Structures are given as structure tokens and as C-alpha cells.
Amino acid sequence: MIILLDTLLVTLILTGFLLLGSSRLGASIRISALQGIMTGLLPLALEHGDLFSYVSLLGVAVIGLKGYVFPRLLFSALRESDTSREVQPFVGYMASLFFGILFLMGSFWLDTRLNLPVHSGSDLLVPVAFSLMSCGLFLIVARRTAMSQVIGYLVLENGIYCFGLAVVSGMPLLLELGVLMDIFVAVFVMGIAIYHINREFDHIDADRLSALKG
Amino acid sequence: MSAENTLPILILAPLIFGGISLLLRSARGALRFCAAGTLATAALAGITAYNVLRGGPAETANGWLMLDALSAQHLLAMITVFCLSSLYALIYFREEAADGRLTPKMAGRYGGLWFGSLAAMMLVLVSNSLGMMWVGVEASTLMTAFLICIHASPGALEAMWKYLLMCSVGVAVAFTGILLVAAATGPAGLHGMDALLWTTLMEAASRLNPMMLKAGFIFIVIGYGTKAGLAPLHNWLPDAHSQAPAPVSAVFSGFLLNAALYCILRCLPLVEAATGNEGWGRSILVIFGLLSILVAAAFIVMQRDVKRLLAYSSVEHIGIMALGAGIGGAGAAAALFHLINHSICKPIAFFCAGRIGQIYGTHDLPGLTMIIRRAPVWGAGLIISLLALVGVAPFSVFLSEFLVLKAAVDHSLYVVAALFLLGLGVVFIAVLRHIIAMAWKPAEQQAGPVKFSLPEALLIFIPLAIVLLLGMWIPGPLLKILSRAAQVLGGLS
């Protein structure tokens, strides 16, 4: 099991790097879908004893949402706009990758300093969670288009999900479903917002939404 | 009806009303249904809060739902804001509904989102689980996002996107904090759903891991603080408040911010009990509170838009509440009293500013002149509510601000008291300058006064009279509610 788990975690780090280095929005959506599926598989690869049916039910819900529903929503919002790639992000792609490596190193360092009580089988889980969270926040602040910011939000959520798996031993199902529903509605609402922004402004460049000041 | 039975209905009823609103086929009908449904929910919530305040905390649904003095007090403030705003929406949207700018479909959607956000905030208040509280806060962000842009103008869309993204990310950070709190229960041996129930956590507070809890609390303050509008995390707030239609601005300012602050206040006694009541958690709130007051004061000085002015005033008042809760003791009770005063006063100010904006066609302060002559009810209402908000005696806002100041001096926090006074003084002078210009600066072109009706006058002046009355005499039952709620915060014994 530990090999499967570590493979998944390493893939998660790699998808984070891919997102940092990709300029095509369509490709970014696909990569984030892959990342969503990986996070959905994570709890199945962890030790869970007698909770198998509960864990697999939740896993299916996460994979269905993050791997299928979200990408479809985002693709339909993207089709409406003529934007297909991120033009001139605040931080270039090479520099973004460099930041990604820094985040990863920082996450490992933070993990050794914090001494969190970890329930899971792999030592990698907490550093991966931290690095995904920082990647997500970085994507939100360093990219211009609204679409990239939504993808950044999803990466942040994936990171928090990993963190939850690492430090909390089994959350109640009702709560997990509530959280999932909220994230679903968030992405749904953001998708509709992108559609409206595109119709009103003829672009989805969140940086150019800057009329309100002071 | 016992409070145990009515708690689940409080969440379900608005959801059902919201569903019905989506089906309505007339704009005015939808708005009327909105008001009626809100009043019905408020009546039920009032009864529940009364039962809880008389008979003690109520718990139901295996401990998932809980109402105690603190949440009952917040519940009363919330229903006041929602009732006033839903009645005002009938006035605000009257012309738009008549000339077709507000289509039946838009009105139906407005009703659905209105009840949706009511249900979400209700979930925040009646949840015992910190996790479900989070679900409620995030849901309230999503429900209210589209209320900002009922009319999809460029400004409204920009405000909505900023609000959506900043608050979603902020609230996600708060969730990390909640996970850390759950992780802190390790030594106490709590598992599964027990790990996040507030009542269970409070009982086990002395056995929690204090380091982990402290880390969690920092995340929670930053995360929910973004939604509550604590500076320097308040950037979304003036945009959203100024672009939303006035009834929605009133709800944003009157209670949406308080719902997020409530989540921070819930965690405060927990972190204090676990760290040995040294005031570590409270000092964080003092810092954020003071910072909010001072930052808001700086922005109020150079403000040119009346709704943005009111929005920054909300940052200031949320700061005062955080400061009072942070000082603790009598300060906590004063902060909760301030919450009630602000939740009555601020919606009225937004109502008047909204109507004046419709009459003048602008929210720019230099353009708003002779407002009392042009629009007697709304102009006088705006000026009186602004005076009350900056703390002119004998309005109750003055009293609660004075009590916070007194608590600071009693705790020998002289620097805090001085900075607090500085902030209040700057706001007072800056707003007074605007008030004088709005009331007496001669208008460039004269226009006849706008007609008003009796219900409009009653809607504005009854709440203002209550604020005036509360400033001179606090009824015994209200005092009892405040001291009970402050006890939950660990302030009074």
C-alpha cells in the first residue's frame, strides 16, 4: 500500500509543477482534473480498517466531482470566452517553476519543524499538502485570467484535503459531504461568474477588473 | 414548542421558501413573498431564542445543532436585519419592478438567493460542529455573491468576482484552522464527530494540545477575518457593499460580517480555556480590532462615495466589536451590545443611502446636497443614522463605544484606549464634515421634494427611535441577555 500511496503523492507534486509551467488554459483544466482524481484515490490507499465502504463512497464522490463535473463546468465557461491561453502572467513560467521548487523545499522544512501528529502511513503526505496549498495560492496571485484563479483555488482545496487526511482520523460523513457540496457550488458559481464577466467585458482578465478603488 | 424541536425547522423553512420563490411568476409577488417568508422565519426564530434565553441552551440532532445565549443573541440581531431589509426591498425595488428593469425571473432568483443566504447564516448560528459552521459560512458567501449583481453591470461583476475569490480563499484558510483544531484533540482522545463539536471541545479544553490549538486559532482568525472584514483583509468589502442593491448591502453590513466574526468568537473561549486563560487569543483580537479601526478611519477621511463610506464604517465597527471581545470581561458584553446597535443602525443608513442614490442618480458625496429638503424621510434618516453611527450621544452606539473604552481603561490598556479614541475621533470629524455638506451645502439646481409615504417613514424612524432609547435606558431583559452571552465568551462570571 505504501508504494501506491507514495506514487500518488509524487504524481500530485508533479501535477502541481505542470500547472505552474503551463500556459494553455485547456491543458491546465485537464491537469487539475487529473490532480483531483489523484486526491480522490488517496484515502483508498491509506490504512482505513473497517471503514472501507464509507471511504470508497467518499472517494467516488470526490473523483466524480473533481475529475468529471468540475472540468466540464470549466470547459463550458472557457468555450464561451475566446481566451485559450494565459497571456503575460505576472510571474513567468520558468520563474513559477522555480517558486514551485522553493515551495516544495519549504514544505519539507516546515514539516520537520512542526511535528504534527500524523495518522497516515506516509511521511510525504503533510509536505505534499503544504506544497499544493502554496502552489494554489501562488496560482491565484500570479496569474491574470479568472480561469487560472479558479484552478488555483481547486489546487488549494486539494492541498487542504490532503492535510485533512494527514492530521484528522476520519471526519463524519455528513461534514465531508457538506464541504464537498460547498466546493461544488463554489466552482459552479465561479464558472457562471466567468461567463458573465466575459459577456460584459469581452475578456476574462481579472487583472483588468480594476475600476473600483479607494 | 420547545427549542429542540424548532432548531431544524429554522434551517429548513428558509430553504423551502427559497424553492417556492424560484417558481413565482411576478416581480412584486416575489418581493412580497420574500418579506412574508422572512417575517415567518423570524417569528419562529424569535420564539426559539426566547425559549433558549429562558430555559438554557438547547441541543438536538445528536448534538449537531445547538443554541445557547451567545448564538441566540446573534440570532435576534440577524432576524432584525433580515426583517427590516426584506420590508425595505419592497420600497427599493418598487419602481424597478413597475418599469420592468426587475423582471419576474430576476425577482424570483433574488428571492431564492435571499432565503438561501438566510438558511446558510442560520446554519452558522445553530451548528454545534465547527465544521458545519464552516459549511454555513462558505454557503453564505456563494449565495450572496449573485445578490451583488442582480443587475449585471461591470462594477457589480468586478465587485462580485473580488468578493467570491477573496472570501472563498479566506474561508478555505479557516478550514485549515479547523483541521488543526481537530488535530489538537489527539491527547483528549476525541474521535470522529466528537472532535469538532463545540460543547465536547469545551468540556475537554484542558486536555487539548495547546500549541496545535494556537496554530489553528491563527488560521481561523485570518480566514474568517477576511469574511468579517477585519483590516488588512478587508479589500473586497467596500466594493461589494457599494455595488450591491441597498437591501443586500444592509444584510452584508448588518449581519454577514457578524456571522463570520461569530465563528471567531466561538473559538475564542476554547483557545483561552486550553491555554490557561492567559489572554493569548484575546490579544490577537485586540490587535486586529485596533488595526481595523485605524485603517477604516484613514479611508473614511478620503471617501467620496456615500455607500463606500458606510462600508468602511462597517470595517470600523467590526473592529470595535473585535476589540471589545479581545479586552474581555465587561468589554465582551459591551462588544455584544455594540453588535445589536450596529445591526439596527447600519441597515437604516444603507436604506436611506440607497433611496437617495436612486433619487439623485449618484452616490458621489459632492453631488448629494440639501438632502433633507429634497427627500425628507431618507435625507433625515441618513443624517440621523450617520450621527448615531459615529457615536453622538445619546444614541446607544455612543454608550457601547464608551463601555468598550471603559473596559480598556479598567484593564489598564492605556495605549489601546488612546488609539481607539484616536480612530473614533478621526471618523467623527471626517463624517461630520460630510454630514454638514449633505445637509446644508446649497444645491446647484433646485428640485422639488420627493413624496414619501407613512410606512416608509415608520420603517426608518422606529428603528432609529429604538437606538435613541437604548442609549438612555437598557431594559433589564436585554442586560440579562448580554451578560449571559458574554459569559459564553468567558468574559463575565
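Reader: How many residues of domain 1 of chain B are in contact with residues of domain 3 of chain B?

Author: Keep in mind that this is a predicted model. Chain B is split into domain 1 (1–128), domain 2 (153–278) and domain 3 (279–493). The C-alpha centres of domains 1 and 3 of chain B lie 25 Å apart. Domain 3 of chain B puts 18 residues into this contact, and the number from domain 1 of chain B is 14.

Reader: Which helix gives the largest share of the side of domain 1 of chain B that touches domain 3 of chain B?

Author: By class, that side of domain 1 of chain B has ten nonpolar, three polar and one charged residues. Twelve residues come from one helix, residues 69–92 of chain B, and that helix is α3.

Reader: OK, and how do the axes of α3(B) and α14(B) run, roughly parallel or roughly antiparallel?

Author: Helix α14 of chain B covers residues 330–360, and its axis comes within 10 Å of the axis of α3(B). The two axes cross at roughly 10 degrees. Angles under 35 degrees count as roughly parallel, so α3(B) and α14(B) are roughly parallel.

Reader: What classes of residue make the contact of α3(B) with α14(B)?

Author: On the α3(B) side you'll find, among them, A77(B), V81(B), L84(B) and Y88(B). From α14(B) come residues including L336(B), I340(B), I344(B) and F351(B). By class, the contact has eleven nonpolar, five polar and one charged residues.

Reader: How do α6(B) and α7(B) lie to each other, roughly parallel or roughly antiparallel?

Author: The axes of these helices are 9 Å apart, and the packing angle is about 175 degrees. An angle over 145 degrees counts as roughly antiparallel. That is why α6(B) and α7(B) are called roughly antiparallel.

Reader: How many nonpolar residues does the contact of α6(B) with α7(B) have?

Author: From α6(B), the contact includes W134(B), V137(B), A145(B) and I148(B). From α7(B), M160(B), Y163(B), L164(B) and F175(B) are among them. Besides three polar and one charged residues, the nonpolar count is 16.

Reader: Which residues have the most contacts inside the largest nonpolar core?

Author: That core has 269 residues, and its largest share, 22 residues, comes from α7(B). Leaving aside neighbours within four places in sequence, M160(B) is in contact with A193(A), A145(B), I148(B) and C149(B). The residues with the most contacts inside the core are I148(B) and M160(B).

Reader: Is L53(B) buried or exposed?

Author: L53(B) sits in helix α2 (residues 27–55) of chain B. Beyond neighbours within four places in sequence, L53(B) is in contact with A69(B), A72(B), I481(B) and R484(B). A residue needs 20 or more other C-beta atoms within 10 Å to count as buried. L53(B) has 21 of them, so L53(B) is buried.

Reader: Where is P232(B) found?

Author: A cis peptide bond joins A231(B) and P232(B), with omega about 0 degrees. P232(B) is in the loop between α9 (210–228) and α10 (236–243) of chain B.

Reader: What is omega for the peptide bond from A393(B) to P394(B)?

Author: P394(B) is in the loop between α16 (376–389) and α17 (396–410) of chain B. The bond from A393(B) to P394(B) is cis, with omega near 5 degrees.

Reader: Last one: is S412(B) buried or exposed?

Author: S412(B) is in the loop between α17 and α18 (414–440) of chain B. Its phi is positive, about 55 degrees, although S412(B) is not a glycine. S412(B) has 9, so S412(B) is exposed.

Note on methods
Residues numbered from 1 in each chain as written. Chains lettered and ligands numbered in written order. Predicted model: local features only at pLDDT ≥ 70, side-chain atom pairs only at ≥ 80, totals over all residues. Domains from an automatic or database assignment. Contact = placed C-beta atoms within 7 Å. Helix = DSSP H or I, 4+ residues; strand = E, 2+ residues; numbered from the N terminus. Nonpolar A, V, L, I, M, F, W, Y, C, P; charged D, E, K, R; others polar. Core = buried A, V, L, I, M, F, W, Y, C linked by C-beta atoms within 7 Å. Buried ≥ 20, exposed ≤ 12 C-beta atoms within 10 Å, placed from the backbone. Axes fitted to C-alpha atoms, helices over the stretch in contact; angles between N-to-C directions. Parallel < 35°, antiparallel > 145°, perpendicular 65-115°, else oblique.
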